[in-house]
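This briefing is for a reader new to the structure. Please look over the sequence and the model first, then go through the points below.

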Amino acid sequence: TPGVRPLIAGNWKMNGTLREAAALAEGVRAGLDAVGGADLLICPPFVHLHVAAASMGWKAVGIGGQDCAAEPNGAHTGDVSAAMLADAGCGYVILGHSERRADRGETDALVRAKAEAAIEAGLIPVVCVGETEAQRDSGEAEAVVAAQMAGSLPEGFAVAKGVVAYEPVWAIGTGRTPTEADIAAMHARMRAEIAARFPGQGETLRLLYGGSVKPSNAAGILALPNVDGALVGGASLKAADFLGIAAAV
Ligand code: PEP
């Protein structure tokens with residue numbers, strides 16, 4: 001999108017020891033000079049956030065959480081608040097990832113409440129949406145994604161420069177991706193939804209594609225209209241692959 005700096009975000013999911021996290025963060029930092037065309041973001045597990053943030057000097061690469069609580073604090077055993085993430089060096093938080101929607105029963109309403117909490121804490125929410133394979137096969141993909149956006153994005157989303165990641169569930173970790181034409185069509189629909197919901201503000205929000213992005217397919221995907229970066233899972237666990245994707249911008 002003209003005037004929008006792409007964002008390449010790595011979702012480390014539940015992987016790695018502290019030592020491995022430190023090494024991966026350091027590997028990303030060490031290769032930064034070669035990838036000047038995009039903003040980079042890494043999203044380690046909660047317990048590795050601090051070491052990753054420290055490795056980045058707290059600014060060269062963005063740091064994000066993979067989830068946050070909707071509540072600001074209190075009796076919520078096992079949860080982490082948005083303010084805690086900000087305090088740990090995060091500028092972003094992934095919300096509504098399909099693994100949380102599927103495995104933890106997260107609804108659009110909960111994702112929206114979490115996004116509101118994130119914005120309140122000064123974080124940029126990266127809200128994930130995407131259809132299942134059955135939904136795509138039955139021609140519902142765009143309607144499903146539009147409904148997820150309507151339900152998951154809070155009112156303050158555009159002012160907070162929120163990010164939407166289109167991640168078809170069937171493309172995550174499978175090595176399969178939609179065709180470039182299908183990605184472009186979905187992102188055009190997402191841009192239209194954003195523009196209608198947030199008049200005058202949505203045109204420059206970042207829309208990421210996620211699902212089996214790797215160095216070999218990144219250039220084609222990242223060149224598509226309305227694709228303003230990528231959310232990368234598996235390939236973000238190797239610094240060279242993650243940087244290779246960023247270099248494809
Ligand atoms: C993800 O889960 O956000 C993701 C895009 O995973 P992968 O790149 O491994 O498909």
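Leaving aside neighbours within four places in sequence, which residues is Glu 167 in contact with? They are Ser 98, Cys 128, Gly 130, Ile 172, Gly 210, Gly 211 and Leu 231. The model is predicted. The points below start with the sites listed in UniProt and then turn to a helix, a loop and the core.

**Active site**

- An unreviewed UniProt entry lists His 97 and Glu 167 under "active site". The two are spread over 71 residues of sequence but cluster in space, with a largest C-alpha distance of 8.3 Å.
- His 97 is found in the loop between β4 and α4 (98–103). With 27 other C-beta atoms within 10 Å, His 97 is buried.
- Not counting residues up to four places away in sequence, His 97 touches Gln 66 and Cys 128. Cys 128 is also one of the contacts of Glu 167.
- Glu 167 lies in the loop between β6 (163–166) and α8 (180–197). Glu 167 is buried, because 27 other C-beta atoms lie within 10 Å and the cut-off for a buried residue is 20 or more.

**Binding site and ligand**

- The "binding site" feature, from an unreviewed UniProt entry, covers Asn 11, Trp 12, Lys 13, Gly 173, Ser 212, Gly 233 and Gly 234. These residues span 224 residues in sequence, yet no two of their C-alpha atoms are more than 14.1 Å apart, so they gather at one spot.
- Asn 11 belongs to strand β1 (residues 7–11). Asn 11 counts as buried, with 26 C-beta neighbours inside 10 Å.
- Beyond its neighbours within four places in sequence, Asn 11 is in contact with Cys 43, Gln 66, Ile 94, Leu 231, Val 232, Gly 233 and Ser 236. Gln 66 is also touched by His 97.
- Gly 234 sits in the loop between β8 (229–232) and α10 (239–247). Gly 234 has 19 C-beta neighbours inside 10 Å and counts as partly exposed.
- There are 13 residues around the ligand, and those that come nearest are Asn 11, Gly 173, Gly 210, Gly 233 and Gly 234. The shell divides into five nonpolar, seven polar and one charged residue.

**Helix α5**

- Helix α5 (residues 108–120) has 13 residues, which at 1.5 Å a residue should span 18 Å; its end C-alpha atoms are 18 Å apart, which agrees.
- The buried residues of α5 are Val 111, Arg 112, Lys 114, Ala 115, Ala 117, Ala 118 and Ile 119. They pack against α3 (82–87), β4 (92–95), β5 (124–129) and α7 (141–152).
- Just after α5, Gly 122 takes a positive phi of about 85°.

**The loop between α3 and β4**

- Gly 89 is found in this loop and is partly exposed, with 18 other C-beta atoms within 10 Å.
- Gly 89 and Ala 54 are 35 residues apart in sequence, while their C-alpha atoms are 8.2 Å apart in space.

**Nonpolar core**

- In soluble globular proteins, nonpolar side chains tend to be buried together.
- Here the largest nonpolar core has 72 residues. Those with the most contacts inside this core are Ile 42, Val 93, Val 126, Val 164, Ala 230 and Ile 245.
- Leaving aside neighbours within four places in sequence, Ala 230 is in contact with Ile 8, Leu 208, Tyr 209, Gly 210, Val 213, Ala 218, Ile 221, Leu 222 and Ile 245.

Notes:
Residues are numbered from 1 along each chain as its sequence is written. This is a predicted model: local features need pLDDT of at least 70, side-chain atom pairs count only at pLDDT 80 or more; totals for chains, interfaces and linings use all residues. A nonpolar core is a set of buried Ala, Val, Leu, Ile, Met, Phe, Trp, Tyr and Cys residues joined through C-beta atoms within 7 Å. A residue is buried if 20 or more other C-beta atoms lie within 10 Å of its own, exposed if 12 or fewer, and partly exposed in between; C-beta atoms are placed from the backbone. Two residues are in contact if their C-beta atoms, placed from the backbone, lie within 7 Å. UniProt positions are given in the numbering used here, feature names are shortened, and annotations may be inferred rather than shown by experiment. Helices (H or I, at least four residues) and strands (E, at least two) are DSSP runs, numbered from the N terminus. A residue is near a molecule or strand if its C-beta atom, placed from the backbone, lies within 6 Å of it. Ala, Val, Leu, Ile, Met, Phe, Trp, Tyr, Cys and Pro count as nonpolar, Asp, Glu, Lys and Arg as charged, and the others, Gly among them, as polar. The expected span of a helix is 1.5 Å times one less than its number of residues.
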